Amino acid sequence: MSVNAYRLPTKLLKALAHPARLQILNALRQDEECVCHLTTLLHERQAYVSQQLMFLRQAEVIEDRKDGLRVYYRVKDPRVFEVLDIIYALVGAKGTPSETERIAACPCPKCETRG
Ligand SMILES: [Zn+2]
């Protein structure tokens, strides 16, 4: 492969190579989520979370969907989780990290229905 052919895979790997972005992706395993949910999950400011989301979106790992005033993010191609699961296995992480549970303090409409 030419050097140029390695650029896109590198962009994808760089997008994945951040703890906050890995945490976000795990939150998106089962379902799309809104920024306010991800902000609550990460215990970070919304500006910070939006920045990480933008990084993932520019690498085309995630895409967004507007619903009224809310923006929901979802993974474009779920095969990214196969890649991540291999990485977690390589570093000896036990099981698949999941971030899909309801968060008690979360103000998003989905957490309300998660009960
Ligand atoms: Zn929530």
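1. Quick definition before we start: the expected span of a helix is 1.5 Å times one less than its number of residues. Keep in mind that this is a predicted model. With that in hand, look at helix 5, residues 79-90: its twelve residues reach 17 Å from first C-alpha to last, close to the expected 16 Å.

2. Now helix 2 (residues 19-27) against helix 4 (residues 46-58). Their axes come within 10 Å and cross at roughly 75°. Angles of 65 to 115 degrees count as roughly perpendicular, and helix 2 and helix 4 are therefore roughly perpendicular to each other. On the helix 2 side the contact uses A20, R21 and I24, which meet Q52, L53, F55 and L56 of helix 4. By class, that contact splits into five nonpolar residues, one polar and one charged.

3. Helix 2 also packs on helix 3 (residues 35-42), at an angle of about 125° and with the axes 11 Å apart. That makes helix 2 and helix 3 oblique to each other. The crossing of helix 2 past helix 3 is right-handed. Here A20, Q23, I24 and A27 from helix 2 meet L38, L41 and L42 from helix 3. This contact has six nonpolar residues, one polar and no charged ones.

4. As background, an α-helix has 3.6 residues a turn, so residues three or four places apart point the same way.

Methods: Residues numbered from 1 in each chain as written. Predicted model: local features only at pLDDT ≥ 70, side-chain atom pairs only at ≥ 80, totals over all residues. Axes fitted to C-alpha atoms, helices over the stretch in contact; angles between N-to-C directions. Helix = DSSP H or I, 4+ residues; strand = E, 2+ residues; numbered from the N terminus. Parallel < 35°, antiparallel > 145°, perpendicular 65-115°, else oblique. Contact = placed C-beta atoms within 7 Å. Nonpolar A, V, L, I, M, F, W, Y, C, P; charged D, E, K, R; others polar. Left-handed = near helix turned anticlockwise from the far one by under 90°.
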